[in-house]
Amino acid sequence: MVQLRNVGKHFGPLRVLKGIDLTIHHSEVVCLIGPSGSGKSTLLRSMAFLEEYDEGQIHIEGQLLGWQNADVEGPARKRAAQSKINQVRQNVGMVFQQFNLWPHMTVLGNVCEALQQVRKQSKAQARERALAMLDKVGLAHKAAAWPVQLSGGQQQRVAIARALAMEPHIMLFDEPTSALDPELVGEVLQVMKDLAREGMTMVVVTHEMGFAAQVADSVIFLDKGEVVARGTPQQIFHQAEHPRLQQFLQNYLDRNAFWQDGKDAAVP
Ligand code: ADP
Ligand code: MG
């Protein structure tokens, strides 16, 4: 469904992604973990061409993303036409740490907006689809509310409904619960678990190791722009061999140790 081949990315002289190879299959849930600054967001954003990767190729459902000629590097690389870029990524939905709802629109208005403006649906069509998606995230009763009247967890669920309304084939999540108060994290993770169970293809950048352990088909550990380890949750969390992964997990355990009984409890 998504294929990355030798993908690289620079910000000026800084090389933030190095030789990333990754294949994501239909209905697969991939969790990306790694220290801050390791390139997780850049990698995820590259999959929607919100960042212009400058080496290698990304294919979405068989179509080359972003470039006309991704087999060349440097200035000879030519951006594809914007209409082509939009067409290739139209089935990619994205949810960010900051939910970015429009404050001047109701919940329903937020979910309808792109259906009407981008998909050119009639108001009635958009409304029906939007209400169905709000129902899916348990917020149909908040359709007439304003974003400011919702908790952070509810706002993030609206953002998920908004992305789902566009009927994506793959959903990308970038730390969707990191901006939330701890007691609101669970309701958002539950919506994501339900989606995974329904067979949605998902790539999730997360610090929620419990979620990754429970839901991921594969976990990828990124460090300094490289894929350092990849495997099943069992392999990554219980049979970690790479010293950098071991260190990362140890840091995570140390931070969470005060309310956990021990290593096995913290990483299920
Ligand atoms: P992560 O999501 O894992 O924390 P990021 O992908 O955000 O990491 O960042 C990877 C590296 O790229 C960091 O060193 C960060 O400072 C740098 N970086 C990210 N975005 C930009 C940008 N727009 N301009 C320059 N450097 C950036
Ligand atoms: Mg990030």
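Begin with the open sheet, whose 4 strands run in the order β2-β1-β4-β5 with antiparallel pairing; strands are DSSP runs of E of at least two residues, helices are runs of H or I of at least four residues, and both are numbered from the N terminus. Two strands count as paired if DSSP finds at least two bridges between them. The model is predicted: local features need pLDDT of at least 70 and side-chain atom pairs pLDDT 80 or more, whereas totals for chains, interfaces and linings use all residues. Residues are numbered from 1 along each chain as written, chains are lettered from A and ligands numbered from 1 in written order, and side-chain values use heavy atoms, without hydrogens and water.

Select β2 and β5 (63–64) next: these are the edge strands, each pairing on one side only. Strand β4 (residues 55–60) joins β5 in the antiparallel sense over 2 bridges, and His59 stands opposite Leu64 in β5.

Now move to ligand 1. Display the residues around the ligand (a heavy atom within 4 Å), among them Phe11, Leu14, Val16 and Pro35. Polar contacts are pairs of N or O atoms within 3.5 Å. An oxygen atom of ligand 1 lies 2.8 Å from a side-chain N or O atom of Lys40. Backbone polar atoms also approach ligand oxygen atoms, at 3.0 Å for Gly39 and 3.2 Å for Ser38.

Finally, colour the shell by element: β2 (14–24) and α1 (40–46) each give two or more residues. The largest share, 3 residues, comes from α1.

Note on methods: Polar contact = N/O pair within 3.5 Å; in protein donor to acceptor, adjacent residues only side chain to side chain.
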